[in-house]
Amino acid sequence: MPNDRYYAVRDGRQTGVYNSWNDCKEQTNGYSGAQFKSFNTPQEAMNYMSGSSGGGGGGHRSHGMDYASASTGSAHSYGNRGGSGRSSVASSGYSEPRFEIHTDGACPRNGMPGANAGIGVHFPSRPDRDLSEPLTGRQTNNRAEIQAPRRGLEVARELGHTRVEIKTDSQYVWDIANGAKEAHKNKQDFQDLADASQGMNVKWTKVPAHSGVTGNERADKLAKRGANQK
């Protein structure tokens, strides 16, 4: 009997296109940040693997708070990982490096009258697109920490990147983006972030603050400059 469904695993233990739901489930069940979807034809599945959503149905995605593919900070390997004995139709060959984004927020008088907040975003491979902007709306450090990656994702999309790594020193943002905690405050800001990440493959990495991490130090300076623009 011919197979009528193909399961594309774009992020999982072993990526590829499978013709068995059980094989797909084995690669994705319990895997943080898994991305997978079912399709009617192998071509549609391969289009999805290469970044195009294709025309598949019955899609499945597992990720914290709907923030694309939010990992737990460990690197995920893409493409063929060697023989596994699985019923893989084709190897994804999906090994495009992630577009790196460093983000930070600043609010020198956080919680005090007259506080001004700013966001900073540094793109190591495209420093000409770095961002230093004042935060609009309610002026708090946490809001700036959320809105900085949102703006970073918007620029990444403009540049044609859908596979990115966001490096933040905010434990608050990292926890919620990865689904470790729920957003009880700043829900609209996190919704903005979720909207910006739609259709993108995002890895979240927590970096130490003020510890000499070049990209983080640059983002910090940009955020402080943004806070001073008001």
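Predicted model: local features only at pLDDT ≥ 70, side-chain atom pairs only at ≥ 80, totals over all residues.

Student: OK, in what order do the strands of the open sheet come?

Tutor: The order is β8-β7-β6-β9-β10, 5 strands with mixed pairing. From one strand to the next the twist averages 20°.

Student: And which strands stand at the edges?

Tutor: β8 (131-134) and β10 do. Each has a single partner strand, so one side of each has no neighbour in the sheet.

Student: How do β6 and β9 run, parallel or antiparallel?

Tutor: They run parallel, joined by 5 bridges. I101 stands opposite I166 in β9.

Student: Which strands does α3 lie across?

Tutor: α3 lies across β6, β7, β8, β9 and β10, and runs at about 155° to β6.

Student: Switching to packing: how many residues are in the largest nonpolar core?

Tutor: That core has 29 residues. I101, F123, L153, V164, V202 and W204 have the most contacts inside it. Elements supplying at least two residues each include β6 (99-106), α3 (141-158) and β9 (163-168). The largest share, 6 residues, comes from α3.

Student: What about β3, and why is it called largely enclosed?

Tutor: 4 of the 5 residues of β3 (residues 35-39) are buried, so the rest of the structure largely encloses this strand. β3 pairs with β1 (residues 6-11) in the antiparallel sense, over 5 bridges. In that pairing, D11 stands opposite Q35.

Student: Now the rings. How many aromatic pairs are there?

Tutor: The count comes to 5. One of them is W21 with F36, a tilted pair at 6.3 Å centre to centre with 35° between the planes. W21 lies in α1 (residues 21-28) and F36 in β3, so the pair ties together parts 15 residues apart in sequence.

Student: Is F36 buried or exposed?

Tutor: F36 is buried, with a relative accessible area of 9%, while W21 counts as partly exposed at 33%. Ring pairs also link Y7, W21 and F36 into a cluster.

Student: And Y172, what does that ring do with F190?

Tutor: Y172 and F190 form an edge-to-face pair, 5.6 Å centre to centre with 70° between the planes. Y172 sits in α4 and F190 in α5, 18 residues apart. F190 is buried at 2% relative accessible area.

Student: Last one: what sits over the ring of Y48?

Tutor: The charged end of R10 does, 4.0 Å from the ring centre.

Technical notes:
Residues numbered from 1 in each chain as written. Heavy atoms only, no water. Core = buried A, V, L, I, M, F, W, Y, C linked by side-chain atoms within 4.5 Å. Buried < 20%, exposed > 50% of the residue type's maximum accessible area, 1.4 Å probe, protein only. Pairing = 2+ DSSP bridges. Axes fitted to C-alpha atoms, helices over the stretch in contact; angles between N-to-C directions. Contact = heavy atoms within 4.5 Å. Phe/Tyr/Trp six-rings, centres within 6.5 Å; stacked < 30°, edge-to-face > 60°. Lys NZ or Arg CZ within 6 Å of the ring centre and 35° of its normal.
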